[in-house]
Amino acid sequence: MVMTDLLKPEEIKKALDAFSAETFDPKKFFEMVGMKAMSAENVKKVFQVLDVDGSGFIEEEELKFVLKGFSKDGRDLTDAETKAFITAADKDGDGKIGIDGEKRKTSHILLPGKE
């Protein structure tokens with residue numbers, strides 16, 4: 001599965017363009033690509049695309065390349081952006097982002113700050 005099976009290519013491009021030179025804001029980015037309105041099942045599918053090694057977690061090294069998961073033209077996150085993202089999304093402090101089936105928790109993980 002590729003990201004464009006789940007999200008509109010034009011929304012992905014618009015969001016990537018918005019953060020090409022600007023500091024990455026995960027919550028704003030995921031809202032721009034349409035994930036805020038997605039079902040828990042589809043958010044989980046997006047998570048699985050981003051979980052490159054299939055471990056069930058998005059580790060810091062995978063997170064650095066998260067924008068490339070949306071498009072090969074996506075840029076790498078800076079070390080500071082990666083650290084800020086992991087801090088916002090890692091709720092149990094293990095240094096990686098996990099997912100479960102509950103919509104609230106799933107959305108919270110991929111949309112930091114959303115309750």
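**Labels and their cut-offs**

Visitor: Why does aspartate 53 count as partly exposed?
Guide: Buried means under 20% relative accessible area, exposed over 50%, and partly exposed in between, with a 1.4 Å probe and protein chains only. Aspartate 53 has 49% relative accessibility, so it counts as partly exposed. This is a predicted model, in which local features need pLDDT of at least 70, side-chain atom pairs count only at pLDDT 80 or more, and totals for chains, interfaces and linings use all residues. Residues are numbered from 1 along each chain as its sequence is written, and side-chain values use heavy atoms, with hydrogens and water left out.

Visitor: Where is aspartate 53 found, and what is it in contact with?
Guide: Aspartate 53 is in the loop between helix H3 (40-50) and strand E1 (57-59). Helices (H or I, at least four residues) and strands (E, at least two) are DSSP runs, numbered from the N terminus. Contact means heavy atoms within 4.5 Å. Leaving aside neighbours within four places in sequence, aspartate 53 is in contact with Glu59 and Glu62.

Visitor: What makes aspartate 90 count as buried?
Guide: Its relative accessibility is 14%, which is under 20%, so aspartate 90 counts as buried. Aspartate 90 lies in the loop between H5 and strand E2 (96-98). Its side chain reaches the backbone nitrogen of aspartate 94 at 3.2 Å. Not counting residues up to four places away in sequence, aspartate 90 touches Gly95 and Lys96.

Visitor: Which residues does the UniProt annotation "binding site" cover?
Guide: The unreviewed UniProt entry lists Asp51, Asp53, Ser55, Phe57, Glu62, Asp90, Asp92, Asp94 and Lys96. UniProt positions are given in the numbering used here, feature names are shortened, and annotations may be inferred rather than shown by experiment.

Visitor: Where does the charged end of lysine 96 sit?
Guide: It sits over the ring of phenylalanine 57, 4.3 Å from the ring centre. The rule asks for NZ of Lys or CZ of Arg within 6 Å of the ring centre and within 35 degrees of the ring normal.

Visitor: How many aromatic pairs are there?
Guide: Rings of Phe, Tyr and Trp (its six-membered ring) pair if their centres lie within 6.5 Å; planes under 30 degrees apart count as stacked, over 60 as edge-to-face and the rest as tilted. By this rule there are eight aromatic pairs.

Visitor: Why is the pair of phenylalanine 30 and phenylalanine 70 called tilted?
Guide: The ring centres are 5.9 Å apart and the planes of phenylalanine 30 and phenylalanine 70 are at 45°, so the pair is tilted. Phenylalanine 30 is in helix H2 (residues 26-32) and phenylalanine 70 in the loop between helix H4 (60-63) and helix H5 (79-89), 40 residues apart.

Visitor: What does phenylalanine 30 form with phenylalanine 85?
Guide: They form a tilted aromatic pair, with 6.0 Å from centre to centre and 55° between the planes. Phenylalanine 30 lies in helix H2 and phenylalanine 85 in helix H5, so the pair ties together parts 55 residues apart in sequence.

Visitor: How do you know that phenylalanine 30 and phenylalanine 85 are buried?
Guide: Phenylalanine 30 has 0% relative accessibility and so counts as buried. Phenylalanine 85, with a relative accessible area of 2%, is buried.

Conventions. A polar contact is a pair of N or O atoms within 3.5 Å; within protein, one must be able to donate a hydrogen and the other to accept it, and residues adjacent in sequence count only if both atoms are side-chain atoms.
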